[in-house]
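Please look at the sequence and the fold side by side before reading on. The paragraphs below walk through a sheet, the helices around it and a few individual residues.

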Amino acid sequence: MKNVEHTVNRKKRGKKKWMALAMMFVLMVFAACDQPEDSASMEGAAGMEGSVEVSVAAAQPVGTDVEYTYAECEEMAVYYSNGKADGLEKEVLAVEVMTPEEVLKSLSRHNIVSIDTKVLGFGETDGQGRKLLALDLSKAFGEYVKTMGESGEKVVMAALTNTFLENYGADGLLLTVEGEILETRHGSYGEELTFWQPDTGASDR
């Protein structure tokens with residue numbers, strides 16, 4: 001019986017040793033497999049650090065002298081009603097580009113034209129040696145002017161005329177609304193409009 005027990009115990013010890021050896025082998029395999037990944041990841045991290053350093057270095061300015069380009073602003077003269085609504089006042093604004101749309105926008109801030117007034121056509125026309133402007137406005141302007149009394153209408157027409165003539169260096173303005181002559185209860189504007197003051201209605205030149 002003792003020999004049999006001794007044999008069984010030897011077999012059990014042998015199995016334990018083989019299991020221990022197998023576990024060690026497995027652990028060694030895992031350790032060997034993990035090591036290249038760690039080193040590769042560290043190399044990748046080092047590579048990333050290197051690329052960051054390069055990009056930062058490339059972003060540094062080459063010199064200290066930097067040239068900037070600025071838009072050249074133009075001066076825009078805008079005429080509007082004075083406090084008594086019997087004459088005109090004037091302000092000068094800085095604008096990047098002089099356009100008829102920009103002129104109307106500035107006039108609308110002083111209630112010389114309605115905010116929904118649009119430019120339908122604008123340009124120079126034959127004035128037989130004189131510079132004439134042809135301005136065609138939308139229907140909204142005609143409706144706006146027709147709601148005014150005589151003095152208010154004169155102020156609006158004077159401010160509109162003077163603003164366009166001064167800004168474009170013109171001698172006269174031919175105004176139409178939807179391609180038609182503007183007619184109100186107080187006047188008809190089919191003829192050339194020149195620089196004038198609303199209190200007298202006379203041309204200054």
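Is T117 buried or exposed? At 7% relative accessibility, T117 counts as buried, where buried means under 20% relative accessible area, exposed means over 50% and partly exposed lies in between, with a 1.4 Å probe and protein chains only. The model is a predicted one, in which local features need pLDDT of at least 70 and side-chain atom pairs count only at pLDDT 80 or more, while totals for chains, interfaces and linings use all residues. Residues are numbered from 1 along each chain as its sequence is written, and side-chain values use heavy atoms, with hydrogens and water left out.

T117 sits in the loop between α2 and β3; helices (H or I, at least four residues) and strands (E, at least two) are DSSP runs, numbered from the N terminus. Its side chain makes a polar contact with the side chain of S114 at 2.7 Å, a polar contact being a pair of N or O atoms within 3.5 Å, of which, within protein, one must be able to donate a hydrogen and the other to accept it, and residues adjacent in sequence count only if both atoms are side-chain atoms. Apart from neighbours within four places in sequence, T117 is in contact (heavy atoms within 4.5 Å) with L104, L137, S138, A140 and F141.

Three strands form an open sheet with mixed pairing, in the order β3-β4-β5, where two strands pair if DSSP finds at least two bridges between them. The edges are β3 (119-125) and β5 (172-177), each of which pairs on one side only. On average, and ignoring direction, neighbouring strands of this sheet are turned by 15° against each other; axes are lines fitted to C-alpha atoms, for helices over the stretch in contact, and angles run from 0 to 180 degrees between N-to-C directions.

β3 and β4 (residues 132-137) run antiparallel and are joined by six bridges. V119 has L137 in β4 as its bridge partner, and G121 has D136 in β4. The two strands form a hairpin with six residues between them, and Q128 in the turn has a positive phi of about 55°.

Helix α4 (residues 150-168) lies across β3, β4 and β5, and runs at about 125° to β5. The structure holds four aromatic pairs; rings of Phe, Tyr and Trp (its six-membered ring) pair if their centres lie within 6.5 Å, and planes under 30 degrees apart count as stacked, over 60 as edge-to-face and the rest as tilted. F122 and F164 form a tilted pair, 5.7 Å centre to centre with 50° between the planes, and this pair links F122 in strand β3 with F164 in helix α4, 42 residues apart. F122 also forms a tilted pair with Y168, at 4.9 Å centre to centre and 55° between the planes. Because F122 lies in strand β3 and Y168 in helix α4, this pair ties together parts that are 46 residues apart in sequence.

In soluble globular proteins, nonpolar side chains tend to be buried together. A nonpolar core is a set of buried Ala, Val, Leu, Ile, Met, Phe, Trp, Tyr and Cys residues joined through side-chain atoms within 4.5 Å, and of the 37 residues in the largest one, L107, F141, L160, F164 and L175 touch the most other members. The elements giving two or more residues to this core are β1 (74-81), β2 (88-95), α2 (100-108), β4, α3 (139-145), α4 and β5, and α4 provides the largest share, nine residues.

In α2, the buried residues are P100, V103, L104, S106, L107 and S108, and what covers them includes β1, β2, β3, β4 and α4. L107, not counting residues up to four places away in sequence, touches V78, Y79, I112, V113, A159, L160, T163 and F164.

Finally, T184 lies in the segment after β5, and at 16% relative accessibility T184 counts as buried. Its side chain reaches the backbone nitrogen of H186 at 3.1 Å. Leaving aside neighbours within four places in sequence, T184 is in contact with V145, K146, E153 and Y189.
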